[in-house]
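The following report describes one protein chain for a reader who is new to structural analysis. Please keep the sequence and the three-dimensional view at hand while reading.

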Amino acid sequence: MQPAELQQQTVLIVDDTPQNLSVLGEVLRPHYHVRAANCGERALRVAVTEPRPDLILLDIMMPEMDGYEVLRRLKEDDLTRNTPVIFITAMSGSEDEMHGLELGAVDYITKPFNPAIVLARVRTQLELKQSRDELARRNEWLDAEVHRRMRENLLIQELNVRALACLAEARDNETGNHIVRTQYYVRVLGNYLLPNPRFSEALGGSRLDMIVKAAPLHDIGKVGIPDAILLKPGKLTVDEFEIMKTHPVIGAEAINRAMTQALAGADNDVAELAGGAFTFLQIAADISLGHHEKWDGSGYPAGLSGDAIPVPARLMALADVFDALISRRVYKPPMSLETAEKILLEGRGKHFDPDVVDAFVACKNQFADIAAQYADHDEA
């Protein structure tokens, strides 16, 4: 008695001799669903129609299209490529058998048929196919589950980053959509500059995505600035501004401490797996520390100049300044896009990397679209 799961499997018999079809059918029909074809062309049609065969018994010596050619065509079709084929033949030469196996046959059954051998070999191949199919289904499920959990982890990471950024903004004069707009500005600049040899290494692979996701953390250090300075509606004094200038360092040090503490408590395997996360955090630290540096060295906190300023910080610098110029603040009205563009052009080679300014000019319509789409509507 066959197991219940095998009773519904389908076997296709292909032979141009009616007697052989009849004999094999009588042997197999009590155990399996049997389909038959008396030539190669018909076999190829039957093989792709429902119920599609789980196993094919294929005669080699047939007129017009022999079994070898049928097998070749089966292997070329995505629907039948993985269907196991057992050759049935009166030939007994090892070279013929080797040729069939090289083409992809899984076994041989010789004529005249021994019913017990036929059933045993058919059962073996069907059980193997069932195991392969089950393994494939499990692998497919595992792949889908891995992708789902990766997406879930990335979403959690992004939400955590956004929550931290919103925490910093909640204490600032800036509005909620600032981090959204600056993310999009950075993405536009990065996409434009990616083909540029000066930027390809810093922006290639997954790095641009990391830069965009880390961009909201550029002002995370403002949580360490006293409210009296951070929320002051008027111009800061010299001393107050010196304190404000420490926020890039506060943010970068907080991120670096997080990495150091995580590594201190992790074994080697965890540290290796966390490489991508640490790369992301390092980019976030670079953005926090460097987005107020200036191309000519007159920025803060370290007075870096030129290519010494990390690329992510250079992109963030222009995105941050542009958004500040066109946005309303308690201490100023919003500027027009034309005025903001003029100020950025004046800062080319001084405040900003010249190539980054050129990228802005080339993409200014996209900047305008982002500014309009994510405008703040609470300015009344």
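The structure is a predicted model, in which local features need pLDDT of at least 70 and side-chain atom pairs count only at pLDDT 80 or more, while totals for chains, interfaces and linings use all residues. Residues are numbered from 1 along each chain as its sequence is written, and side-chain values use heavy atoms, with hydrogens and water left out.

## The chain as a whole

The secondary structure comprises 18 helices and 5 strands. Helices (H or I, at least four residues) and strands (E, at least two) are DSSP runs, numbered from the N terminus. Of the 380 residues in the chain, 41% are buried. Here buried means under 20% relative accessible area, exposed means over 50%, and partly exposed lies in between (1.4 Å probe, protein chains only). Among contacts with a separation of 6 or more, 64% are between residues 24 or more positions apart; a contact means heavy atoms within 4.5 Å.

## The sheet

Two strands count as paired if DSSP finds at least two bridges between them.

Strand β4 (residues 85–89) is joined to β5 by 4 bridges, and the two run parallel. In this pairing, I86 stands opposite D107 in β5. Another 4 bridges join β3 to β4, and these strands also run parallel. Strand β4 is mostly covered, since 5 of its 5 residues are buried. In a regular strand the side chains alternate between the two faces of the sheet. In β4, V85, F87 and T89 point one way and I86 and I88 the other way, and all are buried.

Which residues of α2 are buried? They are N20, L21, L24, G25, V27 and L28. These residues cover an arc of only 160° around the axis, and therefore lie on the same side of α2; the arc is that of the directions from the helix axis to the C-beta atoms. The face turned away from the buried side of α2 carries the exposed residues P18, Q19 and E26.

Helix α4 (residues 67–76) makes a right-handed β-α-β unit together with β3 and β4. A crossover is right-handed if, with the strands pointing away from the viewer, the path from the first strand over the helix to the second runs clockwise.

## Salt bridges

Side chains of opposite charge can pair when their charged atoms come close. A search of the whole structure finds 25 salt bridges, each being a side-chain nitrogen of Lys or Arg within 4 Å of a carboxyl oxygen of Asp or Glu. The table lists some of them.

| Residues | N to O distance |
|---|---|
| E69 and R72 | 3.1 Å |
| R187 and D209 | 2.6 Å |
| D307 and R314 | 3.4 Å |

E69 and R72 are 3 residues apart in helix α4, so about one helical turn separates them. E69 is partly exposed at 25% relative accessibility, and R72 is partly exposed at 35%. R187 lies in helix α7 (residues 178–193) and D209 in helix α9 (residues 207–214), so this pair ties together parts that are 22 residues apart in sequence. R187 is partly exposed, with a relative accessible area of 29%, and D209 is partly exposed, with 36%.
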